[in-house]
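Biologist: Could you walk me through this structure, slowly, as if for someone in a first course?

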Amino acid sequence: QVQLVESGGGLVQPGGSLRLSCAASSGFPSDYYAIGWFRQAPGKEREGVSVISMRDGRILYADSVKGRFTMSLDNDKNTIYLQMNSLKPEDTAVYSCDADSSKRGYQPLDRLLVYGMDYWGKGTLVTVSS
């Protein structure tokens, strides 16, 4: 079972930046082939933000964050980051770091972004407000 811990959330003004971290304390298990950032705003459905393939490093972003958010992987630190720039009030949400195992077979990244993954992190709150 993968263990992912998110950190880096907080309060930031519109236009500001935050960097979220997702640490795998025991490393990323080889049977988890994709990691993603998802978010859920109050009263709204959960949505995918970005996903990365652990097999080839390809990254996919939701249209709402393209050009503002950057996802990256540091294998030496077993950590995945989400750099969030030009933050907007509508980015306010609980952000979680999720993972997908190969139990359901390998899903395309665009499908994972829409339908989610089979392991959900606990999340970290990001509030964008003046």
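The chat below goes from the overall fold to a sheet, a link between cysteines and a loop residue.

Modeller: Before we start, please note that this is a predicted model, in which local features need pLDDT of at least 70 and side-chain atom pairs count only at pLDDT 80 or more, while totals for chains, interfaces and linings use all residues. Residues are numbered from 1 along each chain as its sequence is written, and side-chain values use heavy atoms, with hydrogens and water left out.

Biologist: How many helices and strands are there in the protein?

Modeller: There are one helix and ten strands, where helices (H or I, at least four residues) and strands (E, at least two) are DSSP runs numbered from the N terminus. Along the sequence the pattern reads β-β-β-β-β-β-β-β-β-α-β.

Biologist: And what radius of gyration does it have?

Modeller: The protein has 14 Å, which agrees with the value near 14 Å for a compact globule with 130 residues; the radius is taken over C-alpha atoms, and the globule rule is 2.2 Å times the number of residues to the power 0.38. Along the principal axes, the C-alpha trace spans about 45 × 30 × 25 Å.

Biologist: How much of it counts as buried?

Modeller: Of the 130 residues, 46% count as buried, a term that means under 20% relative accessible area, with exposed being over 50% and partly exposed in between (1.4 Å probe, protein chains only).

Biologist: Let's turn to the open sheet: what is the order of its four strands?

Modeller: The order is E1-E3-E8-E7, with antiparallel pairing, and two strands are said to pair if DSSP finds at least two bridges between them. Neighbouring strands of this sheet are turned by 15° against each other on average, direction ignored, with axes being lines fitted to C-alpha atoms (for helices over the stretch in contact) and angles running from 0 to 180 degrees between N-to-C directions.

Biologist: Which strands stand at the edges?

Modeller: Those are E1 (4-7) and E7 (69-74), each of which has a single partner strand, so one side of each is left without a neighbour in the sheet. E1 pairs with E3 in the antiparallel sense over four bridges, and in that pairing Ser7 stands opposite Ser21 in E3. E3 and E8 (residues 79-84) also pair in the antiparallel sense, over six bridges, and Leu20 stands opposite Leu82 in E8.

Biologist: Changing topic, which residues does the disulfide join?

Modeller: It joins Cys22 to Cys97, with 1.9 Å from S to S; a disulfide here is a pair of cysteine sulfur atoms within 2.5 Å. The pair links distant parts of the chain, with Cys22 in E3 (residues 18-24) and Cys97 in E9 (residues 93-101), 75 residues apart.

Biologist: Buried or exposed, those two?

Modeller: Both Cys22 and Cys97 are buried, and their link is left-handed, with -70° about the S-S bond. A search of the whole structure finds one disulfide.

Biologist: Last one: where does Ser86 lie?

Modeller: Ser86 lies in the loop between E8 and E9, and at 41% relative accessibility it counts as partly exposed. Leaving aside its neighbours within four places in sequence, Ser86 is in contact (heavy atoms within 4.5 Å) with Gly15, Gly16, Ser17, Arg68 and Asp91.

Biologist: How many residues apart are Ser86 and Gly16 in sequence?

Modeller: They are 70 residues apart in sequence, but 5.5 Å apart in space, taken from C-alpha to C-alpha.
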